[in-house]
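The notes below are in the order in which I checked them.

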Amino acid sequence: MTSIQRPAPMRTDGSNAFAHHTIGTRIPETTVKETLALNPDYPPAIREALYALGESLRADAPIPPLKLPAPDHDEWMAQYRPHAGETWLNSEWFFAEVYFYRLMIEVTRWWETGRDPYAPRKVEEVGAEAFWLALEAALATVDWPTEERLQNLIQHALWGNRIDLSFKAALAHGTDWHNDDLLVDDSAAAVTRLLRDPANRQAHIVNDNTGTELATDLALADGLLAGAVDQVTLHVKLFPTFVSDAIVPDVLTLIDVLRSEASHPTVRALGERLTAALNDGRLRLAPDGFWNSTYFGWEMPPRLQAAFSGSALTVIKGDANYRRIIGDALWHPETPFAQVMAYFPGPVLALRTSKSDGVVGLPAGTAERLSAVDPRWHTSGRY
């Protein structure tokens, strides 16, 4: 592994304005308030706990340890102890934000009820016209030559990442894109490598959001299974987090929705192919608590290292996963992606619309050009 000096992770103390705003204002105003509004039948004890959690962020209270009962208590306490005594606005941003979502699971009692606190938003998004338009656009490539089809599906899977129910700035851009929205495009090189490596016949997708993004990810998985690889594994969150991140029930529900869509024959056919692939093991679902954790990419457990080391390609989706793999740090934007990712045990492609300040792999002068046009381009979700 190539040695590299990693910058320190961003913090919530005001040294990074967006991190400070996210923890102190955006999460209490959006995630907490909307969860309360969308679940009016929560019992008073849960509603009070939710409200108190949001207020603790506003007040910069000490970050609390998990309470019992919790089946993952030991794993999370190991992550919490290095930050014991820190407050919400004086901590590492990645830890504070990810840990907040674990506390949401505690206060909504998900382990006891199995009730997804974000389910109403997820259902609403799949029912929107924009969802079907984005999916049908991706499926228009079904008869294209393999290489061209996969490159196009990668593009759709990328822009599907804008549809993030916890980040309205990106959501507003939708899945339509302009050429100058795309800052780095390695899709051709990734597909060429994938198709020229017949010995490795497995691919992995580390998923991000459910709904539109997951639908485009499933279209990509279907394209990969149409001749590029023998098996695709979808890596999803173990429990609900970041509002719209995919968990196993989201994947299964969405495939059932696709199968039942009589008015969209190409969509229904996709659902049927995915169901067949699930049944015969060509499509696998791999929920894992690592993707919910506060650990960075180079801290992944041996089970994931082993999986990715035998892969023809691992596609890592979304901004939070991007933050995880680069250490949620402010690198020089022209630092080569391959240099930062030298620890990864196999070929990797990151598909991310930028919703935070950390970025690597930009061509020379790109960051300066964008900053001159829009100083907030990192966090707009456009690029």
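Predicted model: local features only at pLDDT ≥ 70, side-chain atom pairs only at ≥ 80, totals over all residues.

**Entry 1: Ala-228**

Apart from neighbours within four places in sequence, Ala-228 touches Leu-150, Leu-194, Leu-195 and Arg-201. I then checked where Ala-228 sits, and the residue belongs to helix α11. Is Ala-228 buried or exposed? I found a relative accessibility of 3% for Ala-228, so this residue counts as buried, the cut-off being under 20%.

**Entry 2: α7 against α11**

I stayed with α11 and looked at how helix α7 (residues 129-139) packs on it. The axes of α7 and α11 are 9 Å apart, and the angle between the helices is about 15 degrees. α7 and α11 are therefore roughly parallel to each other, since angles under 35 degrees are counted that way. I noted the crossing of α7 and α11 as right-handed.

Which residues of α7 meet α11? On the α7 side I wrote down Phe-131, Ala-134, Leu-135, Ala-138 and Leu-139. On the α11 side the partners are Thr-212, Ala-215 and Ala-219. By type, this contact of α7 with α11 has 7 nonpolar residues, 1 polar and no charged.

**Entry 3: α2 against α4**

Next I looked at helix α2 (residues 44-58), which packs against α4 at an angle of about 155 degrees. Here the axes are 9 Å apart. The angle makes α2 roughly antiparallel to α4, because angles over 145 degrees fall in that class. The crossing of α2 and α4 is right-handed.

From α2, the contact uses Ile-46, Ala-49, Leu-50, Leu-53 and Leu-57. From α4, I listed Phe-100, Leu-103, Met-104, Val-107 and Thr-108. I sorted the residues of the contact of α2 with α4 into 9 nonpolar, 1 polar and no charged.

**Entry 4: Salt bridges**

How many salt bridges are there? I counted 25, taking a side-chain nitrogen of Lys or Arg within 4 Å of a carboxyl oxygen of Asp or Glu.

Arg-323 pairs with Glu-97, and their closest N and O atoms are 2.8 Å apart. This pair joins distant parts of the chain, with Arg-323 in helix α15 (residues 319-326) and Glu-97 in helix α4 (residues 93-108). The two residues are 226 residues apart. Arg-323 is buried at a relative accessible area of 4%, and Glu-97 is buried with a relative accessibility of 4%.

Lys-317 and Asp-217 form a salt bridge at 2.4 Å, N to O. This pair also links distant parts of the chain: Lys-317 is in strand β4 (residues 313-317) and Asp-217 in helix α11 (residues 212-228), 100 residues apart. I found Lys-317 buried at 0% relative accessibility. Asp-217 is buried too, with a relative accessible area of 0%.

The third pair is local. Arg-121 and Glu-124 meet in a salt bridge of 3.9 Å, N to O. Both lie in helix α6 (residues 119-126), 3 residues apart, about one turn of the helix. Arg-121 is buried, with a relative accessible area of 13%, whereas Glu-124 is exposed at 54% relative accessibility.

I also noted a network of salt bridges that links Glu-29, Lys-33, Glu-55 and Arg-58.

**Entry 5: α15**

I went back to α15, the helix that holds Arg-323. Is α15 enclosed or open? I found 8 of its 8 residues buried, so α15 is largely enclosed by the rest of the structure. The buried residues of α15 are Asp-319, Ala-320, Asn-321, Tyr-322, Arg-323, Arg-324, Ile-325 and Ile-326. What covers them includes α4, β1 (202-206), β2 (231-237), β4, α16 (337-340) and β5 (348-351). After α15 comes Gly-327, with a positive phi near 80 degrees.

Note on methods. Residues numbered from 1 in each chain as written. Heavy atoms only, no water. Helix = DSSP H or I, 4+ residues; strand = E, 2+ residues; numbered from the N terminus. Buried < 20%, exposed > 50% of the residue type's maximum accessible area, 1.4 Å probe, protein only. Axes fitted to C-alpha atoms, helices over the stretch in contact; angles between N-to-C directions. Parallel < 35°, antiparallel > 145°, perpendicular 65-115°, else oblique. Left-handed = near helix turned anticlockwise from the far one by under 90°. Contact = heavy atoms within 4.5 Å. Nonpolar A, V, L, I, M, F, W, Y, C, P; charged D, E, K, R; others polar.
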